[in-house]
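Thanks for coming. Please look at the sequence and the model while I talk.

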Amino acid sequence: MSHTVETATAYVIAALEEKGTATREDFDVSGIVTATRNIAETWDFHAVDRRRFWNIAATFMRA
């Protein structure tokens with residue numbers, strides 16, 4: 001499977017909405033995608049440590 005910005009964005013949205021406690025509107029999804037890409041240097045976010053991913057996501061939570 002080819003990993004792109006679209007697949008990375010879909011991954012982020014799925015992760016954020018997985019538990020049903022938040023929605024994509026609660027976060028700056030594009031900010032999460034950009035920051036994660038910069039750290040991971042890949043669009044394959046499955047390779048990113050989950051704890052690191054959630055730390056990134058937390059910084060992009062909308063008030």
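I start with T36, which is found in helix 2. Before going further, note that this is a predicted model, and everything I say is computed from it.

Is T36 buried or exposed? Its relative accessibility is 1%, so T36 counts as buried. The cut-off behind that word is a relative accessible area under 20%. What does T36 touch, once neighbours within four places in sequence are left aside? The contacts of T36 are E41, F45, V48, F53 and I56. Please keep E41, F45 and F53 from that list in mind, as I return to each of them.

Next, helix 2 itself. Helix 2 has 12 residues, and from its first C-alpha to its last it reaches 16 Å. That is close to the 16 Å expected at 1.5 Å a residue. The buried residues in helix 2 are V29, G31, I32, V33, A35 and T36. What covers them includes helix 1 and helix 3.

Just after helix 2 comes E41, with a positive phi of about 60°. Most residues other than glycine have a negative phi. E41 is a residue other than glycine, and its phi is positive. E41 sits in the loop between helix 2 and helix 3. With 65% relative accessibility, E41 counts as exposed, whereas T36, at 1%, counts as buried. The two are in contact.

Now helix 1. Its 13 residues should span 18 Å at 1.5 Å a residue, and its end C-alpha atoms are 18 Å apart, which agrees. In helix 1, the buried residues are A8, Y11, V12, I13, A15 and L16. An α-helix has 3.6 residues a turn, so residues three or four places apart point the same way. What covers the buried residues of helix 1 includes helix 2 and helix 3.

One of those buried residues is V12. Not counting residues up to four places away in sequence, V12 touches V29, I32, V33, F45 and F53. How many residues are in the largest nonpolar core? There are 17, and V12, L16, I32 and F53 touch the most other members. Helix 1, helix 2 and helix 3 are the elements that give two or more residues to this core. The largest share, six residues, comes from helix 1.

On to the aromatic rings. How many aromatic pairs does a search of the whole structure find? It finds three. In one of them, the ring centres of Y11 and F45 are 6.2 Å apart and the planes are at 90°, so the pair is edge-to-face. Planes over 60 degrees apart are what that label requires. Y11 lies in helix 1 and F45 in the loop between helix 2 and helix 3, so the pair ties together parts that are 34 residues apart in sequence. Both Y11 and F45 are buried.

Y11 also forms an edge-to-face pair with F53, at 5.8 Å centre to centre and 80° between the planes. This pair links Y11 in helix 1 with F53 in helix 3, 42 residues apart. As for burial, Y11 counts as buried at 15% relative accessibility, and F53 counts as buried at 1%. Taken together, Y11, F45, F53 and W54 form one aromatic cluster.

There is another ring to mention, that of W43. Which residue lies over the face of W43? That is R37, at 4.7 Å from the ring centre.

Leaving aside neighbours within four places in sequence, T7 is in contact with M1, S2 and W43. Its relative accessible area is 23%, so T7 is partly exposed. The side chain of T7 reaches the backbone nitrogen of T4 at 2.8 Å. T7 and F45 are 38 residues apart along the chain, and their C-alpha atoms are separated by 8.8 Å.

To finish, go back to F53. F53 is in contact with T36, touches V12, pairs with Y11 and belongs to the aromatic cluster. F53 is also among the core residues that touch the most other members. That is all I have.

Notes: Residues numbered from 1 in each chain as written. Predicted model: local features only at pLDDT ≥ 70, side-chain atom pairs only at ≥ 80, totals over all residues. Heavy atoms only, no water. Phe/Tyr/Trp six-rings, centres within 6.5 Å; stacked < 30°, edge-to-face > 60°. Helix = DSSP H or I, 4+ residues; strand = E, 2+ residues; numbered from the N terminus. Buried < 20%, exposed > 50% of the residue type's maximum accessible area, 1.4 Å probe, protein only. Lys NZ or Arg CZ within 6 Å of the ring centre and 35° of its normal. Contact = heavy atoms within 4.5 Å. Core = buried A, V, L, I, M, F, W, Y, C linked by side-chain atoms within 4.5 Å. Polar contact = N/O pair within 3.5 Å; in protein donor to acceptor, adjacent residues only side chain to side chain. Expected span 1.5 Å × (residues − 1).
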